[in-house]
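Subject: Structure for you to look through

Hello,

Here is the structure to go through, with notes on what was found in it below. Please keep the sequence and the 3D view open while you read.

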Amino acid sequence: MRTRCHFLLAVIVPALIPSTIMAQQIPNAKVTPPPMGWSSWNSFSNTVDAQVVIQQAKAMISSGLHSVGYDYVNIDEGWWLGQRNSKGEIIVNPKAWPALATGEQAGDMANIVRFIHSLGLKAGIYTDAGPDGCSMYPDLGPKYFHTGSEAHYDQDFLQFAKWGFDYVKVDWCGGQEHRLDPAVQYARIADAIRRAEAITGHQMFFSICEWGVNSPWTWAPNVGGIPADTWRTSGDIVAPIVANSKNAGRKAEFAKVVRNFEDGMHPAAEHTGYENDPDMMVIGMPGLDQRQNRAHMAMWAVSGAPLILGADLTKLNPQTLSIVKNRTVISIDQDPLGLQAAEMAELATGIEVWSKRLAVPGERALLLLNRTQSSSPITFNSNELGFKSSAIMRVMNVWTGKVEQPAADSYTVQVLPQDAVFLLVHGLDEAVTTYSSGDIEQGVPVTGGSPVRFDHVTARHNWDVLSIAYRNATHAYRYATLHINQQTITRVAFPPTGGAVNEVWVQAQLDCSKPNTVTFVANSFYATGPQIVSLSVE
Ligand code: GLA
C-alpha cells in the first residue's frame, strides 16, 4: 500500500522548476452530472410491470422529487422473460406491458417509454452482458433463461434506442456464469450502443453493473476507447424487499451501506462526468433510521454517486423526502467539477476524513465518518484540505445549516458511533503549481506517436487535484490516457472547447518522495487527442 505523504503546514513553493507558471483563470469543461432517479429492483424485484412503473413515475412528480432533479425511471430485471421471435427480436408479455393510449399495441415497450416521457421524465431499461441474465437465479418466482443480450448486442441496443429508452443498465450474471471477460464484453456493448445511437440519433446513458468484481474502475473509463457513464463498484446493498411477498420481512443494514460507500471510492477514476456507482440507495427502506438515512445520503453525495432511489416512492414519509430532496446535498453530489471525495486522513481505525473538491473556489464538502462503536472527536486542518493555513475557514453543517468560524486553522467535532458529520467548508485555496506543455497558446496535441509529457511534477497532498488546461476544436469528445511514472491511472475525457482553452479535473496520488512524470497518451479510438496547454497541481 502506498504510504501517505507528510507535508509541512506551509505553502509549498515550486522553486527550481523552470516550467512553473502562475495559474490563469480558465473555465471548467461542462461535465454531465451523475444521474438521479429511481430503479424498480429494490422494492419490486422481478414483479415490475407497467402499473408499477406508472405509479412510481407519478409519485416522482407528486412528491416533488422531479422538481429537485430526479428524472430517471429505471426498469430493472423482470420486464422480459427471455423470449425472442424468429428474427431474434425481444418479445415481452403484453399483459404486463399493455397499450396505454389509443393506437398503441400491447407488448410494445415504447408505450411505457412514451408515458414516462409524457411526464417530463426519462426512461431506463436493463439487460445482461451474458446469454442468460440474473433471472436464472430468481429472487421471486420461476427461473427464466436467455434474458441476456450476448449474441444480440447490436439488435438489442438498437431496439432499446428505438423504443426510446434513455438509459441502459447492463448486468453481469450471465457474463460471470459463462466466464466472459467483462472488459471485452462491455467494450463490445459500448460499440453496439454507439452504433444504435448513430442509427437512431437517440443517446443512451450506459451503466455497467459488474459489482466491482474485476475492478471496473480500471477499465470502465476505457471501454472500446471511451468511458462508460457509470460502473458499479460493489454488490447489492440489500436483496429486494417486496411488499406482500416472502421477501417482505427483509431489512437494509447500515453496515452494508458503509461497505458499499467504501468499496465505491476510486477517486482517480471519477472525473469529467463518469462515475463509480456504489449501488442504488436504500434510503426510506425498512432497516435504516433517519440518522442513518442522512449519513447514507451524505456518503452518496460526497462520492458524486448516481442518486438512484430504490424505495417505493409512493410510501416515502416527509422526513425521508426532506433528506433526499435537500438541495445543498444534491448540489454537492451534482457539483460541476465532477470529482469524488478523497480520504484526506484516517485519524485512527474507522475515524475518517473525506473531502470532496467543489467547483466554487475554496469550497469543499467534508464527510467526517466514525465507523467505530464509540463516540469520537474528529479534527481536520486547513492544510489537509489544500487551504492556506493562515486564512480562517468557515464551516457549515449541511443538515442543520449552522455556521461556525473556527479561530484556529483546525476544526474539531464530536461524531456519534456509526455516524457521519456532513460539512461544507470554505477556505482560501493554496496557490497552484502550473507546468506548461511548451505552447501556452495552442497547446501540444496528444498524438499516437507523441505523448505530451510533464517532468518534475511535485506532489502536494495525499491526493492531488490535477487540472488540465486543453483545447479541443473538434465537435466530439477527445480522450487521452493519464500515466504517472509510467503507470496507467485513467482515461481522461476532453469535451469540445470550440477554439477556447478549458480545464478538466482529475485526482491522482503522486509519489511524494520524488519528482513525478505525468504523461498523456493518445488512444486508438481517435489517433489525435486534445491539445494540452498546461497541467496544474493543487
Ligand atoms: C444484480 C444487480 C442488481 C439488480 C439485480 C437484478 O444483482 O446488482 O442491481 O439489477 O441483479 O437481478
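A nonpolar core is a set of buried Ala, Val, Leu, Ile, Met, Phe, Trp, Tyr and Cys residues joined through side-chain atoms within 4.5 Å. Buried means under 20% relative accessible area, exposed means over 50%, and partly exposed is in between (1.4 Å probe, protein chains only).

Before the findings, two notes on the source. The model is predicted, so local features need pLDDT of at least 70 and side-chain atom pairs count only at pLDDT 80 or more, while totals for chains, interfaces and linings use all residues. Residues are numbered from 1 along each chain as its sequence is written, and side-chain values use heavy atoms, with hydrogens and water left out.

Cores

The largest nonpolar core has 113 residues, and Tyr-70, Trp-79, Ile-112 and Phe-157 are the ones with the most contacts inside it. At least three residues of this core come from each of domain 2 (36-248) and domain 3 (342-426); the domain bounds come from an automatic or database domain assignment. Another core, of 25 residues, lies apart from it and includes Ala-29, Val-457, Tyr-470 and Leu-510.

What does Ile-112 touch, not counting residues up to four places away in sequence? With contact meaning heavy atoms within 4.5 Å, its partners are Ala-50, Val-53, Ile-54, Ile-75, Trp-97, Leu-100 and Phe-165.

Domains

The chain is divided into domain 1 (17-21 + 431-537), domain 2 (36-248) and domain 3 (342-426). The centres of domain 1 and domain 2, taken over C-alpha atoms, are 36 Å apart. Contacts between these two involve 5 residues of domain 1 and 7 residues of domain 2.

The size of an interface is often given as the accessible area lost when the parts come together. Buried area here is the accessible area (1.4 Å probe) that two parts lose on being put together, summed over both. For domain 1 and domain 2 the value is about 510 Å², with 61% of it on carbon and sulfur atoms.

Aromatic pairs

Rings of Phe, Tyr and Trp (its six-membered ring) pair if their centres lie within 6.5 Å; planes under 30 degrees apart count as stacked, over 60 as edge-to-face and the rest as tilted. This rule gives 21 aromatic pairs. Why is the pair of Tyr-167 and Phe-205 called stacked? The ring centres are 4.9 Å apart and the planes are at 15 degrees, so the pair is stacked.

Helices (H or I, at least four residues) and strands (E, at least two) are DSSP runs, numbered from the N terminus. Tyr-167 lies in strand β7 (residues 167-171) and Phe-205 in strand β8 (residues 205-209), so the pair ties together parts that are 38 residues apart in sequence. Tyr-167 is buried at 4% relative accessibility, and Phe-205 is buried at 11%.

Phe-205 also touches Val-168, Pro-35 and Tyr-72, among others. The C-alpha atoms of Phe-205 and Val-168 are separated by 6.1 Å, though the two are 37 residues apart along the chain.

Elsewhere, ring pairs link Trp-79, Trp-80, Tyr-153, Phe-157, Phe-160, Trp-163 and Phe-165 into a cluster.

Salt bridges

A salt bridge is a side-chain nitrogen of Lys or Arg within 4 Å of a carboxyl oxygen of Asp or Glu. The whole structure has 20 of them, but across the interface of domain 1 and domain 2 the rule finds 0.

- Arg-232 and Asp-236 meet at 2.6 Å, N to O. Arg-232 is buried at 3%, whereas Asp-236 is partly exposed at 39%.
- Lys-256 and Glu-253 have their closest N and O atoms 3.8 Å apart. Lys-256 is partly exposed at 30%, and Glu-253 is partly exposed at 42%.
- Arg-357, Arg-364, Asp-429 and Glu-538 are linked in a network.

Positive phi

Most residues other than glycine have a negative phi. Ala-151 has a positive phi, near 75 degrees. Ala-151 lies in the loop between β6 (122-128) and α4 (153-163) and is exposed at 70%. Gln-486 has a positive phi of about 70 degrees. Gln-486 sits in the loop between β24 (478-484) and β25 (487-494) and is exposed at 64%.

Regards
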